[in-house]
Amino acid sequence: MNRYLSRRDFLLKTGISVAAANLVLGVPGLGFASQAETPRKKRMVVIFSPNGVIPKHFWPDEEGKDFQLKRILEPLADYKDKMLTLHGINNRIKGDGDGHMRGIGCLLTGIELFPGDVQGGSDTPAGWSMGISVDQHLRNQLQADPATQTRFGSLEFGVMVPDRADTWTRMSYAGANQPVAPIDNPYQMFDKLYGQARNKELLASVLDNLSDDFRKVEQMISSEDRRLLQDHLAMVREVEKELQTELSRKSDVASVGHAVPELPPNVEEQNENIPQISRMQMDMMVNSFVADFARIATFQITNSVGQPRMKWLGIEEGHHELSHEPDSNEDAYEKLIKINTWYSEQVAYLAKRLAETPEPGGQGSLLDNTTIIWTNELGKGNSHTRDNIPFIMVGGGLDFEMGRSLKFGGVPHNRLLMSICEGMGHPVPSFGNTDFCGDGVLTGLS
Amino acid sequence: MNKTHNFRHGCVWTLCTVVAWMHTIPCIVADEAALQETPAEPPTQHSVLLERGATIYREQCASCHGDQGQGVDGLYKDRLVGDDTTGELTKLITTTMPKDEADQCVGEDAKAVAEFIHYSFYSDAAQIRNRPPRIGLARLTANQLRQSIADLYAHFDGIVGPTRDRGVKAIYFNGHRWKNEEKKIERVDPVIDFDFGRESPGEGIDAKSFYIYWEGGLKADVTGRYEIIVRSTCSFVMDFGKIGRQFFDNHVQSGDKTEFRQTVTLTAGRVYPFKIDFIQRERKTELPPAVVSLSWIPPRGVEEIIPTRQLIPYSPQATFSLQTTLPPDDRSYGYERGIAISREWDDSTTAAALEFADIAVAELWPRYQRIHKKDANENRAQLRSFLAEVVETAFRISLNDDPGDKELRQRHVDQQVDTTPDDAEAIRRVVLLALKSPRFLYPLADQTQPQSHRAANRLALVMFDSLPSDEWLQKLARQDKLKTEEQIKSAAYRMVSDYRTQAKTLALMHAWLNLDHLHDINKDQQQFPGFNDELEHDLRTSLNAFIEDTIWSDASDFRQLLLAERSYTTDRIAEFYGDAWKAESDEGPRLRMTGADGTARLGLLNHPFLMSGLAYHDSTSPIHRGVFLIRYMLGRTLRPPAEAFTPLSPDLHPDLTTRERVALQTSPEGCQVCHLKINGLGFALENYDAVGRFRTKEHSKNIDSAGRYADRSGAEVSFSGAAELARFLAESDDAHRSFVNRAFQHFVKQPPAAYGTDTLEKLTKKFRESGYNIRELIVQIAAVAAKIDNEPTTP
């Protein structure tokens, strides 16, 4: 799966040098998050995988510190002591929309969907969510404070999200009726993160040719007209000099600084490339944390009702289709375990990358200051239940006491959303539909 | 909204200074029209006079004005240039010069000085003689850059020709998707503005489940920021600029989110394809009423349903409009010139190139690959051909096999492609290098090109502010068929009706009428209740439509701009201005023709938009109107007043009419030098009040609209009222010459004399002979500017 080309090939392909890419990387003086002594950075990542899990092979039986990981969570074994499993949290939001729509649309917003015209396989049609999602809410909080402000605030990654905007494909909301589209093309994400720098590099690399051109054209025009052209060439020279200084200064920083993610070229957005795209996106996420581009990220693998065909696991059927099979269909049951285990591996990969990356200018690793929250729109695929929504946390961003299996016995997930806000240092009296917030944040997390 | 025009702030009279507005109007200095006035060789008698004048000038004038009239800092710093006749100068000198000692230089002495300065440096002829205009190199102006990039895109997909068809193509389906057997209605809708409620939109269509497909082209007449607004209670998706380029995605109808807005920069003279898929989906829950509309806020306008006039009922070729902001150009000569290099400008050309590169990667290259998929592709030959075509079009050349072209192709295409295996990156490199190159940015640096290429280059530059991108024009250049005047004119005739030329012509009219300074017209709400932004918008739309119709009618008669009795109106205009502005018919689009009711409608001259703009918020301003007429209509030079004046407040002189008040304030000798000319013209429009309504009385006194004008030759004309003024202007040599001069400068962006000292006279003569045909004038101007006589030089 890892057919990464060499760093040099990558740089050749994108025409960007380390120097240029680092123009916007963690370089002091950009006016973003201050370099001075500040409280530790806290980060949160929400990873979404679709269509419910197989609870029996997902949730630990035990409660407390002493628990065994089941098959699906096995890939996370290395991070068991940095992990929380949160069983017994229910998405109670009713109203318009089918189970999948409310599953994803209310997951991070904790509030109903508007009436609308998108009709699912059951229930009533619906539109977008009536409220902001917790990731965007926290983003706004962080951006409002110069001490926690970053270049983007939040980044929304996707993997093979269908190219249509509807209730099933959007998890993040900037506000009522304002879905945020995840970027699922890694090259587009690269452009967003490093495009400005790449353009400077590109300009610097053609300026030589350009000067030649000026000299040639100068010979073609009368001496009276040359002054304008000479002024212009002088301007080109000035830009060239400026870029050279800038690029060489930045490459000094780069030699001790941060690596730019190495994207393999020409990875098309196709089902078969899901594993590769997933890694490319995660690598860029890690890099953007190192550069402090954002402290909030979402990572949406396909969509609610997603149909990835995991041929690399020997599974030809689409995930959603399989998820409707009864538990008695042993073949489907086994495949669903494998599919969810693969999602678990993705979470583990991100945890690993974060764990092995030191916190720039801080203590420990990125993982020590980042909490990954892996979740799903359904508790179980074939019942479409939104009880016992999978919530697995890894990492130390939220200051929770990790290394435990928790069982809440059926509380509204709004309370978890409130806990997340509190964990990030921005407590709220309620989140989403206040009817479900009366009992306050979840107890026993910290 | 910004209020940029000082005098219209004028809630308080004392805040308004005359000098403030005077300075907002560019002075047209180099008008070589007067060249004919002065004989090439002064006669002997004349030279005696000149010598006498020179002596007196040295002794009495030069200390303040400089030995060549160039001015002296701290004393009188302005250059002595202008278009007064020697007679007028003599009078001026006699009465005012030398300063504070006016009796020192009178009679024959004053006449001699007048003759001397007029001949030596003051007159247009003298200026041309002293410093003959030449065709100066200039970089692309902001507008030329914008247009050139739009045409570079258009080169690959073509461009829509002018059409009289208007409206939007509509196909109505029963059921929520496109199904040919369920197609119930196909028609042209004049606008998109429907409230179907919960009813069926047509026979055979289920009210609960239907689909309407709209497709059309949106015509933008001026460049600027447009806000596009769709209001829809149902699911809809809109593409804009190109079918496939999504603009609004409301695939999901959600709650009460029914308004969708996006602002976009549109480039004038282009038609933007769009389509809307509007879907009422059957649902278990209550069905909302189906309401949909397509509106816009055009630059300086207010929100309105996009009018039929701007819609074409089929989707034209894809269009690209640059979104990068470009800094404004020098306008010190009254027309835009690319003569300054700044960092801001250089950066903006980089941003523009990168923006175009992105669209080339996303749209042009995939399209090219589809069309050329059968071509050989060894060593990325397809990519190289595509990029060569980009470079050829951007540089306005044909790449051949000669060594120079090979080298150019090597540097601009192959070397860049070989640098990177990634196609997108190669395209970015080539586009950046090409669009930053002087070969693109300096269209007149083309001396090494064959005659026909240079002619095509100039035709596109003059007519479209752009580069030759149309296949037929490029072909004529390649075949070397743009050498003779006939060949060039025949191409120009083909180009003159193009929407790009139409847009450039509309911009000419706006410059000629100085309309850029007339926006945000505020009027005293007690005196003129109902004069609001909406009315102003309608008036502007009416004026533009009138201009467009007049110029693109068969006669294309300049005089009709000043004489036509019919115009365009809306119900809102009729409500404010009364029956004279009632539409001919009650039915039809919002903007409809008024009747020729025989009252005093005189084309644009007394159009309420112009009259309102050239007035204060509560009273008329004969000075503004006079300055406008003398500078813009008659093309004469005026100096700013020597010091700033605050207009007299009407409250202090309640018994005086505006005319009397202006006459009183401008009565001093020093004022009269200019105000004799200004007032004489402005007073003739006194029958039109501050909002352009006809009046016969002011404060129970009868309006006196008698006026006068002394033309370039010194001949005196008098008239009474707007109708006589209009007839005078329509037949005035000064007005014709001024219009031709302005048109030439606007289209060519060079002074006419740079193409021969008699260019302006020749063109004005042809203009007259053609029955003042504006279209014909544009063709003649293009022919002058595009005719290349010399062979290409070798570098």
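Among contacts in chain A of this predicted model between residues at least 6 apart in sequence, 71% join residues at least 24 apart, two residues being in contact if their C-beta atoms, placed from the backbone, lie within 7 Å. The secondary structure of chain A comprises ten helices and eleven strands; helices (H or I, at least four residues) and strands (E, at least two) are DSSP runs, numbered from the N terminus. Of the 446 residues in chain A, 54% are buried, that is, with 20 or more other C-beta atoms within 10 Å of their own. Residues are numbered from 1 along each chain as its sequence is written, and chains are lettered from A and ligands numbered from 1 in the order in which they are written. Because the model is predicted, local features need pLDDT of at least 70 and side-chain atom pairs count only at pLDDT 80 or more, whereas totals for chains, interfaces and linings use all residues.

The predictor assigns the complex an ipTM of 0.80 and a pTM of 0.82. Chain B has an average pLDDT (the predictor's confidence in each residue, from 0 to 100) of 89, and 94% of its residues score at least 70. Over residues 1-40 of chain B the pLDDT is below 50, and this stretch has 90 contacts in the model beyond near neighbours in sequence. Where pLDDT is low, the predicted coordinates should not be read in detail.

At the interface, 39 residues of chain B contact 40 residues of chain A. Helix 7 (343-371), helix 10 (423-436) and helix 11 (438-441) of chain B are the elements giving two or more residues to the chain B side; helix 10 of chain B provides the largest share, six residues. This side of chain B consists of 13 nonpolar, twelve polar and 14 charged residues (nonpolar: Ala, Val, Leu, Ile, Met, Phe, Trp, Tyr, Cys and Pro; charged: Asp, Glu, Lys and Arg; polar: the others, Gly among them).

Within chain B, the axes of helix 9 (residues 403-419) and helix 10 come within 8 Å and cross at roughly 145 degrees; axes are lines fitted to C-alpha atoms, for helices over the stretch in contact, with angles from 0 to 180 degrees between N-to-C directions. Residues in this contact include B:His412 and B:Val413 of helix 9 and B:Ala426 and B:Arg429 of helix 10. By class, the contact has six nonpolar, three polar and one charged residues.

The axes of helix 15 (residues 499-512) and helix 16 (residues 533-551) of chain B come within 11 Å and cross at roughly 120 degrees.

Technical notes:
Buried ≥ 20, exposed ≤ 12 C-beta atoms within 10 Å, placed from the backbone.
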